[in-house]
Protein chains: 2
Amino acid sequence: MTEMHKILDGENETKINIFRVAAKLFAEKGYNGVSMREISEMSKVSKPTIYYYFGSKEGVFKELVNFGLHYGSAQAKQIAALDIPVKQRLVKIIQSRFRISFEHPDFSKFFLMVFVTSENLPFLDEFKKQANIHRQLLVDLIQEGVDSGEFGAGANPQLASEIIGAVMGHFIGKQLKIKKKFLTSDLAEEIVELLFKGLNE
Amino acid sequence: MTEMHKILDGENETKINIFRVAAKLFAEKGYNGVSMREISEMSKVSKPTIYYYFGSKEGVFKELVNFGLHYGSAQAKQIAALDIPVKQRLVKIIQSRFRISFEHPDFSKFFLMVFVTSENLPFLDEFKKQANIHRQLLVDLIQEGVDSGEFGAGANPQLASEIIGAVMGHFIGKQLKIKKKFLTSDLAEEIVELLFKGLNE
DNA sequence: TTTCCTCTACCTACCGGTAAGTAATCAGCG
DNA sequence: CGCTGATTACTTACCGGTAGGTAGAGGAAA
């Protein structure tokens with residue numbers, strides 16, 4: 001049983017299957033690009049079965065979002081609390097994200113899509129709030145590095161965290177588009193290294 | 001007459017209006033989230049008028065993409081050819097992008113959406129090819145900086161250009177979501193400065 | 001017998017796209 | 001100059017098809 005199944009445990013097998021299929025389809029074609037008929041055909045159940053479990057198309061989508069919110073934030077929080085240099089924690093957080101995107105490409109792709117198009121969907125306010133809380137985690141982490149003297153005093157935590165977030169998102173997005181694996185632990189280190197040292201060195 | 005109108009010159013006023021409305025709607029809701037009825041109502045023409053000018057929904061979208069490709073690449077190429085330090089050219093390219101996104105938010109939003117969306121539309125292969133050519137411009141620029149000794153020899157041009165591209169996209173996307181202007185020329189400098197010096201300083 | 005799950009059959013609203021027609025402009029000819 | 005036939009720039013009315021969603025029946029398990 002995968003880690004993901006643990007979270008989804010207690011749920012009906014049919015429901016989990018619909019869940020996975022929907023994640024994949026939404027990730028590929030966006031919310032409006034996917035029809036309930038499509039989901040039902042690919043999960044080999046009838047349309048009303050999906051309505052029985054999720055209530056509506058929006059319901060399927062929201063449940064997927066909540067799952068991702070729950071699944072993704074736990075690990076980052078854990079790493080942020082470790083007693084190692086901030087820089088190493090940053091590397092670990094990025095590595096963790098890279099790993100998740102490799103182990104669950106469909107869900108990751110879905111979630112990245114939600115991130116990127118969140119303004120388009122009118123029912124994602126709760127998601128936006130959660131995403132901001134999660135972003136703040138990075139800001140606090142870098143602030144900690146500045147306060148402790150690990151980073152230069154001139155570093156702007158707000159700006160730096162946005163840059164790290166953007167870069168992380170970019171590489172995960174790139175990985176999810178191609179087949180060949182390039183998102184290694186080493187790359188995570190290289191990225192952090194480059195952001196620390198800058199292009200000058 | 002704006003710069004944009006110059007490019008669209010020779011085109012009928014009605015067509016330009018449909019063009020603008022479509023850009024805004026597509027940017028807000030994605031390709032599949034917008035209907036031809038919606039475009040026609042907002043541009044105050046009948047639906048067949050849109051078909052008269054663009055042939056199909058896909059036609060509207062593609063023409064928008066081609067316009068953006070043409071409009072966006074010209075300035076970057078010009079800047080890349082200037083006889084000033086690479087770092088300054090990078091700043092200028094980012095500033096130029098910031099300015100475009102400020103002057104034409106609807107078109108920029110549309111274009112960013114096309115770049116970033118995972119609503120992966122089956123008719124955008126040509127666009128992807130063009131986008132890659134454009135990406136290469138940044139790689140070459142940084143390579144030039146490494147060759148001339150302006151950047152450290154250890155800098156990885158491929159990685160660095162991806163990071164710069166990702167960060168640029170992130171900030172433009174952020175600006176387009178909020179009303180208050182924060183995408184200044186100074187911020188462009190600050191970003192490049194941070195990427196050069198790194199968090200260490 | 002009730003509860004849970006899943007189905008077939010169907011709804012209304014809207015989709016992208018088109019057929020057919022028309023008002024206005026314009027070029028060329030007598 | 002006035003007439004004519006073509007062209008441009010649109011319109012109304014409609015098409016077949018598909019969207020999200022539902023009513024209600026059937027079957028299995030308890």
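**Entry 1: phosphate contacts on DNA strand C**

I began at the side chain of B:Lys57, where an N or O atom is 2.8 Å from a phosphate oxygen of DNA strand C. I note at once that this is a predicted model. Next I looked up B:Arg37. One of its polar side-chain atoms lies 2.7 Å from a phosphate oxygen of DNA strand C. I then checked B:Met36. Here the backbone supplies the atom: an N or O of B:Met36 lies 2.7 Å from a phosphate oxygen of DNA strand C.

I asked which elements give two or more residues to the surface near DNA strand C. I found helix H4 (47-54) of chain A, and from chain B helix H3 (36-43) and helix H4 (47-54). H4(A) gives the most, with 4 residues.

I listed the residues around DNA strand C and got 16. The nearest are A:Ser46, A:Tyr52, A:Tyr53, B:Arg37 and B:Lys47. I then looked at the DNA side. Of the atoms of DNA strand C that come within 4 Å of the protein, sugar and phosphate account for 61%. I sorted the surface near DNA strand C by class and noted 8 nonpolar, 5 polar and 3 charged residues.

**Entry 2: the surroundings of DNA strand D**

I turned to DNA strand D and found 17 residues around it. The closest are A:Arg37, A:Lys47, A:Lys57, B:Ser46 and B:Thr49. Sugar and phosphate make up 58% of the atoms of DNA strand D that come within 4 Å of the protein.

**Entry 3: phosphate contacts on DNA strand D**

For B:Thr49, a polar side-chain atom lies 2.4 Å from a phosphate oxygen of DNA strand D. For B:Thr14, a side-chain N or O atom is 2.9 Å from a phosphate oxygen of DNA strand D. For B:Tyr52, the distance from a side-chain N or O atom to a phosphate oxygen of DNA strand D is 3.2 Å.

I went on to the elements. Those giving two or more residues to the surface near DNA strand D are helix H3 (36-42) and H4 of chain A, together with H4 of chain B. Which element has the largest share of that surface? I found H4(B), with 4 residues.

**Entry 4: chain A against chain B**

I counted 38 residues of chain A in contact with 38 residues of chain B. The area buried between chain A and chain B is about 3400 Å². Carbon and sulfur atoms give 60% of that area.

How many salt bridges are there between chain A and chain B? I found 2. I looked up one that pairs A:Glu162 with B:Lys174, and its closest N and O atoms are 2.7 Å apart. I also counted residue pairs in polar contact between chain A and chain B, taking those with both residues at pLDDT 80 or more, and got 5.

I then asked which elements of chain A give two or more residues to the side that touches chain B. They are helix H2 (13-29), helix H7 (105-117), helix H9 (157-177) and helix H10 (185-197). H9(A) has the largest share of this side, with 10 residues. By class, I noted 18 nonpolar, 11 polar and 9 charged residues on the side of chain A that touches chain B.

Note on methods
Residues numbered from 1 in each chain as written. Chains lettered and ligands numbered in written order. Predicted model: local features only at pLDDT ≥ 70, side-chain atom pairs only at ≥ 80, totals over all residues. Heavy atoms only, no water. Near = heavy atom within 4 Å. Polar contact = N/O pair within 3.5 Å; in protein donor to acceptor, adjacent residues only side chain to side chain. Nonpolar A, V, L, I, M, F, W, Y, C, P; charged D, E, K, R; others polar. Contact = heavy atoms within 4.5 Å. Buried area = accessible area lost by both parts, 1.4 Å probe. Salt bridge = Lys/Arg side-chain N within 4 Å of Asp/Glu carboxyl O.
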